[in-house]
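Subject: Structure for you to look at

Hello,

Here is the structure I said I would pass on. Please open it alongside this message; my notes follow below.

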Amino acid sequence: VDKETKQQYAIKIIDKKLVLRLNKLKYVKTERDILGSCKHPNIVRLIQTFGSAPSEPSLHYVMELCPKGELLAFIKKTKGFSEESARFYTAEIINALEYLHMKGIVHRDLKVC
């Protein structure tokens with residue numbers, strides 16, 4: 001929570017040793033670059049990153065909070081959508097995917113903000 005604005009954010013903490021052990025450094029950098037380059041209302045915003053100094057044990061991504069979590073969990077919690085809701089979410093997803101594809105990006109992790 002930002003002390004001045006009271007705005008809530010999500011912080012993704014990434015263990016550097018684990019990233020290196022699993023040989024995922026390329027994926028972590030790609031995620032950071034893609035999130036940092038996207039400016040779209042249906043795509044989570046990357047606000048800031050820190051922890052890139054060699055002495056830091058973790059990377060931190062400060063992101064827009066999506067309080068309802070992943071789309072699948074949301075669907076399960078609500079026990080499905082009405083046809084109207086399904087149309088709405090489908091249109092929102094297509095809108096975001098069109099934006100990503102226009103930028104030459106394909107992504108698989110959908111969340112509800």
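His60 is buried in this predicted model, because its relative accessible area of 17% falls under the 20% limit. The residue sits in strand S3. Leaving aside neighbours within four places in sequence, His60 is in contact with Ile11, Lys12 and Ile13, and also with Gln48, Thr49 and Phe50.

Strand S3 also holds Met63. Met63 is buried as well, with a relative accessible area of 12%. Not counting residues up to four places away in sequence, Met63 touches Tyr9, Ala10, Lys12, Leu35, Val44, Arg45, Leu46 and Ile47. One of these, Arg45, is 18 residues from Met63 along the chain, and the C-alpha atoms of the two are separated by 5.6 Å.

In soluble globular proteins, nonpolar side chains tend to be buried together. The largest nonpolar core in this model is made of eight residues: Ile14, Val19, Val28, Leu35, Leu46, Leu59, Tyr61 and Met63. Helix H2 and strand S3 each supply at least two residues of this core, and S3 gives the most to it, with three residues. Apart from this core lies another, of six residues, including Cys38, Ile43, Tyr99 and Leu100.

Leu59, a member of the largest core, has contacts beyond its neighbours within four places in sequence: Lys12, Ile13, Ile14, Lys16, Val28, Phe50, Gly51 and Ser52.

Leu59 also comes up at the second largest pocket. About 240 Å³ of space lies in that pocket. It is lined by 13 residues, of which Lys16, Leu25, Arg32, Ser52 and Leu59 are the closest to its centre. Which elements supply at least two residues each of the lining? They are helix H1 (16-21), helix H2 (25-37), strand S2 (46-50) and strand S3 (58-64). The largest share of the lining, four residues, comes from H2. By type, the lining divides into seven nonpolar, three polar and three charged residues.

Last, the aromatic rings. A pair of aromatic rings is described by the distance of the centres and the angle of the planes. The count comes to four aromatic pairs. In one of them, the rings of Phe74 and Tyr89 have their centres 6.0 Å apart and their planes at 65°, so the pair is edge-to-face. Phe74 lies in helix H3 (residues 71-78) and Tyr89 in helix H4 (residues 83-102), so this pair ties together parts that are 15 residues apart in sequence.

Tyr89 also forms an aromatic pair with Phe81. That pair is stacked, at 4.8 Å centre to centre and with 15° between the planes.

Ring pairs link Phe74, Phe81, Phe88 and Tyr89 into a cluster.

Regards

Conventions: Residues are numbered from 1 along each chain as its sequence is written. This is a predicted model: local features need pLDDT of at least 70, side-chain atom pairs count only at pLDDT 80 or more; totals for chains, interfaces and linings use all residues. Side-chain values use heavy atoms; hydrogens and water are left out. On a 1 Å grid over the protein atoms alone, a cavity is a set of points where a 1.4 Å probe fits but cannot get out, and a pocket is an open set with protein on both sides within 12 Å along at least five of seven lines; lining residues have an atom within 4 Å of a point. Grid points are joined across faces, edges and corners, and a volume is the space filled by probe spheres set on the points. Ala, Val, Leu, Ile, Met, Phe, Trp, Tyr, Cys and Pro count as nonpolar, Asp, Glu, Lys and Arg as charged, and the others, Gly among them, as polar. A nonpolar core is a set of buried Ala, Val, Leu, Ile, Met, Phe, Trp, Tyr and Cys residues joined through side-chain atoms within 4.5 Å. Buried means under 20% relative accessible area, exposed over 50%, partly exposed in between (1.4 Å probe, protein chains only). Contact means heavy atoms within 4.5 Å. Rings of Phe, Tyr and Trp (its six-membered ring) pair if their centres lie within 6.5 Å; planes under 30 degrees apart count as stacked, over 60 as edge-to-face and the rest as tilted.
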